[in-house]
Amino acid sequence: MQKMCYRILSVCGAALLLVACGPSGNKQVAKINKPVLYNPVSSALHPEVGVFHVSDVESQLYIKINTNELIVSEANPERTPKSIIKIHYELFDCTEIENNKAVSDSATFLNAVEIKQQQKIIVFPIMFPAEQGRRYMLLVQTTDIMRRNTIRQFVTVNKTNIWSAQNFKVTAINGSPDLDDITNENDIFRIVYQRKAVNKLYIGYMKTPEDIAVSPSSPMPAKDFVFKADSVWEHQYNSATNFMFGYEGLYLIRTDTAHREGLLLKNFGPSYPQEDRTAKLVQPIQYIATSTEYKKLSEEKNPKLMMDKFWLATTGSTDKARMIIRVFYTRMTYANQYFSDFREGWKTDRGMIYLIYGLPSNIMKGSDSETWEYTRKQQASVNFVFEKKSSPYTESYYVLRRSDPQPTYWAQAIESWRKGKVFNFQDLE
């Protein structure tokens with residue numbers, strides 16, 4: 001791999017400010033007018049990003065790109081197939097909310113990459129300064145220069161302790177980093193931990209929680225999740241040990257049982273984030289079904305037949321049923337892709353809103369919150385605020401703020417789905 005790079009460092013530079021950390025309720029945020037964050041069809045480029053803490057003063061950012069998403073050209077002096085990738089990051093220190101810092105570090109790298117035959121992925125490792133005991137927000141912009149396609153992604157960097165997930169690196173047998181926290185029965189992987197010398201890993205297993213988000217009209221959110229292991233076992237630590245977690249459920253890997261923090265790996269099934277098992281496809285229907293309808297569905301010996309009858313009965317025609325089913329389960333897949341915490345993505349607050357209301361018109365991204373704005377015809381917009389909650393298991397735990405007095409139009413949304421029409425805020429009078 002041939003790489004050309006240049007680096008820009010900024011410690012103030014308000015013009016570069018996209019995400020800032022301020023007192024709660026008074027955040028400076030990035031407003032994403034075209035919410036490409038949670039819309040995979042908006043970009044041809046879908047890199048995976050992840051962070052691994054290397055030492056008390058440095059961390060490592062990984063960007064993994066599928067080569068089939070890149071434009072490749074041989075118009076270069078070597079006449080070899082190459083892509084040109086630009087990676088830019090901006091690091092925001094969010095430790096002291098009253099300090100309201102701007103960019104604490106930024107860098108840009110321009111990479112001319114030779115794409116070898118049969119090469120499926122490219123991984124870019126980038127070191128960046130991050131001090132122990134602090135929290136950061138990392139904005140990563142990846143650009144395919146030839147395609148002129150840029151995608152922005154946000155990563156929470158939690159360096160407040162040496163036991164949490166980003167202190168572990170999961171890799172394939174060949175050493176390539178695995179940047180998500182999803183595994184399945186066929187995955188073989190290794191675990192690297194280098195923050196201090198350890199002899200053992202403690203692995204706890206529990207079944208996947210069944211709790212799902214409650215409607216936005218409900219004043220009370222679901223209870224906070226606590227990992228309660230069904231079984232625990234010890235494993236001698238060796239970075240060359242191969243692991244395989246074959247049973248569906250949650251696996252919490254820790255180096256010290258005195259601390260709750262650890263690496264949470266999730267096995268949600270063989271095809272996740274997609275789902276093709278009828279019993280699993282039935283479950284999200286409880287958002288729009290009555291309790292009686294869902295009870296019959298979940299107890300039916302032939303759930304496929306019962307599910308078909310439900311969609312046909314609620315929509316009134318085969319064509320409407322097919323259309324509704326396609327949209328509903330596509331959104332389910334996207335919700336799984338973007339919003340899983342310790343549950344499948346569709347079970348979370350963000351997943352529920354995404355599934356029923358669709359992609360928002362705008363997203364305001366803060367260091368510890370997201371605001372989804374749904375615009376309406378010549379009327380005030382409707383906002384859903386998701387607040388990031390501290391969790392020892394995941395950096396993706398967001399809970400819908402339910403104290404806001406504005407209407408949510410949940411009943412109208414459900415009625416629309418039950419009449420065979422995908423709900424759209426633009427259609428509200």
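This note sets out points on the sheet, helix packing and nonpolar cores of a predicted model.

1. Sheet arrangement. An open sheet is built from four strands, which follow the order β12-β11-β13-β14 with antiparallel pairing. At its edges lie β12 (231–236) and β14 (263–267), each of which pairs on one side only. On average, and with direction ignored, neighbouring strands of this sheet are turned by 20° against each other.

2. Strand β11, covering residues 200–206, and strand β13, covering residues 249–254, are joined by five bridges in the antiparallel sense. Which residue in β13 is the bridge partner of Tyr205? The partner is Tyr251.

3. Packing of two helices. Helix α5 (residues 349–357) packs against helix α6 (residues 410–418) at an angle of about 55°, and their axes are 10 Å apart. The angle therefore makes α5 oblique to α6.

4. Residues at the helix contact. From α5, the residues Met352, Leu355, Ile356 and Tyr357 take part; they meet Trp410, Ala413, Ile414 and Trp417 of α6. The contact of α5 with α6 comprises eight nonpolar residues, with no polar and no charged ones.

5. The largest nonpolar core. This core has 51 residues, and Ile288, Trp311 and Tyr357 are those with the most contacts inside it. Helix α4 (residues 318–339) supplies the largest share of the core, namely seven residues. Another core, of 26 residues, lies apart from it and includes Tyr89, Phe128, Ala130 and Val157. As a general matter, nonpolar side chains in soluble globular proteins tend to be buried together.

6. Surroundings of Tyr357. Tyr357 belongs to the contact of α5 with α6 and is also one of the residues with the most contacts inside the largest core. When neighbours within four places in sequence are left aside, Tyr357 is in contact with Pro216, Arg331, Tyr374, Phe384, Thr408, Tyr409, Trp410, Ala413, Phe423 and Phe425. Of these partners, Trp410 and Ala413 are in α6.

7. Val385. This residue is found in strand β17, which spans residues 379–388. Is Val385 buried or exposed? Val385 counts as buried because its relative accessibility is 8%, and buried means under 20%. Residues up to four places away in sequence not being counted, Val385 touches Glu370, Thr371, Val399, Leu400, Arg401 and Asp404. One of these, Glu370, is 15 residues from Val385 in sequence, and the two are 5.8 Å apart in space, C-alpha to C-alpha.

Terms used
Residues are numbered from 1 along each chain as its sequence is written. This is a predicted model: local features need pLDDT of at least 70, side-chain atom pairs count only at pLDDT 80 or more; totals for chains, interfaces and linings use all residues. Side-chain values use heavy atoms; hydrogens and water are left out. Two strands pair if DSSP finds at least two bridges between them. Axes are lines fitted to C-alpha atoms, for helices over the stretch in contact, and angles run from 0 to 180 degrees between N-to-C directions. Angles under 35 degrees count as roughly parallel, over 145 as roughly antiparallel, 65 to 115 as roughly perpendicular and the rest as oblique. Contact means heavy atoms within 4.5 Å. Ala, Val, Leu, Ile, Met, Phe, Trp, Tyr, Cys and Pro count as nonpolar, Asp, Glu, Lys and Arg as charged, and the others, Gly among them, as polar. A nonpolar core is a set of buried Ala, Val, Leu, Ile, Met, Phe, Trp, Tyr and Cys residues joined through side-chain atoms within 4.5 Å. Buried means under 20% relative accessible area, exposed over 50%, partly exposed in between (1.4 Å probe, protein chains only).
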